[in-house]
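Subject: Structure for you to look through

Dear colleague,

I am passing on the structure that we talked about, and I would like you to keep it open while you read the notes below it.

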Amino acid sequence: MEHLDIGGSERYDKTWEFYSNSDALLYVIDGTDGKERLLVALDALSNLLRLEDLQGIPLCIAINKQDLDGCWDIDEVRRMIEEEEELSSLRERLVGKTWKVEGTSGVEGTQSFQHCHKAFE
């Protein structure tokens, strides 16, 4: 399995072309960010999902740093995606797509890249 770590900020938009021919997309979000930054990250994901190469592949949204106090709960992030007005374009792009929200911790090694990948096999 090949992994690419490509930043999500707008200055990296040109590198998103490397996602072509992918079997799945693992989108990692810093779980300790405040709500505003979380919404920005999810909006960036929505923009990424407009790429044709990503239309038919499964998506795992990984909420990282689950080992830290104050980290976003995965159910709360899922609820935000499903209900927040600001995320309506993301919801539209998720229709018909296999997707899930998982908690991860780089420190504890929980829910590794391989685990998310196996979830879609």
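What follows is a short account of the charged pairs and the cysteines.

Please bear in mind that this is a predicted model, in which local features need pLDDT of at least 70 and side-chain atom pairs count only at pLDDT 80 or more, while totals for chains, interfaces and linings use all residues. Residues are numbered from 1 along each chain as its sequence is written, and side-chain values use heavy atoms, with hydrogens and water left out.

I began with the charged side chains, since side chains of opposite charge can pair when their charged atoms come close. The search of the whole structure gave 8 salt bridges, a salt bridge being a side-chain nitrogen of Lys or Arg within 4 Å of a carboxyl oxygen of Asp or Glu.

One of these salt bridges joins Asp 33 to Arg 37, with 3.4 Å between the closest N and O atoms. Asp 33 is buried, at 17% relative accessibility, whereas Arg 37 is exposed, at 56%; here buried stands for under 20% relative accessible area, exposed for over 50%, and partly exposed for what lies in between, using a 1.4 Å probe and protein chains only.

Arg 79 takes part in a salt bridge with Glu 76, at 3.0 Å from N to O, and also in a salt bridge with Glu 83, again at 3.0 Å from N to O. Arg 79 and Glu 76 are 3 residues apart in helix H2, which covers residues 74–83, and are therefore separated by about one helical turn. Glu 83 and Arg 79 lie 4 residues apart in helix H2, which is also about one turn. (Helices are DSSP runs of H or I with at least four residues, strands are runs of E with at least two, and both are numbered from the N terminus.) Arg 79 is partly exposed, at 27%, as is Glu 76, at 29%, while Glu 83 is exposed, at 52%. These residues belong to a network of salt bridges that links Lys 35, Glu 76, Arg 79, Glu 83 and Glu 84.

How many disulfides are there? With a disulfide taken as a pair of cysteine sulfur atoms within 2.5 Å, the count is 0. As for the cysteines, Cys 60 is buried, with a relative accessible area of 1%, and Cys 71 is buried as well, at 17%.
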